[in-house]
Amino acid sequence: MAQYPDTYHCYTARGAIHLELEEFEQALPYLARAVMLNPDSAIAYHRLGLAMEKVDRVQEAKALYRRASQLGFRGADLEIKRLEAPGGGLLPPKSASPSARQIVLPRCAAVREAVTGDFDI
């Protein structure tokens, strides 16, 4: 990176490596620099949003996901939806009470049978 200090791909790759290693704080400066070097990169905004979310900077993450979506990265729409409607999927939000943390099984009998082993023969 010292040899190519203004190369977007170097910063994006280094940030992605830190994300993969779950080193979210370390990923932030690399991904922020990638966004600065290529402000039209939806991927860079999305990855920076992922890192921000993991360090509990959720509002900033949402803004970054929105920008990624505006730039055409549709995966960011799912991140926004997940953050704005926690518990809307199969699992309730982490803050739910222990009794509410039961998995909601799909209505489809085949899927329910596969998950529970409860077969109607």
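## Close-up views of rings, core and salt bridges

Tyr30 is partly exposed, with a relative accessible area of 22%; buried means under 20%, exposed over 50% and partly exposed in between (1.4 Å probe, protein chains only). This is a predicted model, in which local features need pLDDT of at least 70 and side-chain atom pairs count only at pLDDT 80 or more, while totals for chains, interfaces and linings use all residues. Residues are numbered from 1 along each chain as its sequence is written, and side-chain values use heavy atoms, leaving out hydrogens and water.

View 1. (Rings of Phe, Tyr and Trp, the last by its six-membered ring, pair if their centres lie within 6.5 Å; planes under 30 degrees apart are stacked, over 60 edge-to-face, and the rest tilted.) Tyr11 sits in helix 1 (residues 8-20) and Tyr30 in helix 2 (residues 24-37), 19 residues apart. Helices are DSSP runs of H or I with at least four residues, numbered from the N terminus. Tyr11 is buried, at 13% relative accessible area.

**View 2. Two arginines sit over tyrosine rings.** The charged end of Arg33 lies 5.8 Å from the ring centre of Tyr11, and that of Arg67 lies 5.8 Å from the ring centre of Tyr45. Here, NZ of Lys or CZ of Arg must be within 6 Å of the ring centre and within 35 degrees of the ring normal.

**View 3. The largest nonpolar core has 23 residues.** Such a core joins buried Ala, Val, Leu, Ile, Met, Phe, Trp, Tyr and Cys residues through side-chain atoms within 4.5 Å. Among the members that touch the most others are Leu19, Leu48, Met52 and Tyr65. Helices 1 and 2, helix 3 (42-54), helix 4 (58-70) and helix 5 (75-84) each supply at least two residues of this core. Look around Tyr65 too: its contacts (heavy atoms within 4.5 Å) include His46, Leu50, Glu53, Ile80 and Arg82.

**View 4. Glu53 and Arg82 form one of the salt bridges.** The structure holds five of these (a side-chain nitrogen of Lys or Arg within 4 Å of a carboxyl oxygen of Asp or Glu). The closest N and O atoms of Glu53 and Arg82 are 2.8 Å apart. Glu53 lies in helix 3 and Arg82 in helix 5, so the pair ties together parts that are 29 residues apart in sequence. Glu53 is buried, at 15%, whereas Arg82 is partly exposed, at 40%. Glu79 joins both in a network of salt bridges.

Notes. Lists of a residue's contacts leave out its neighbours within four places in sequence.
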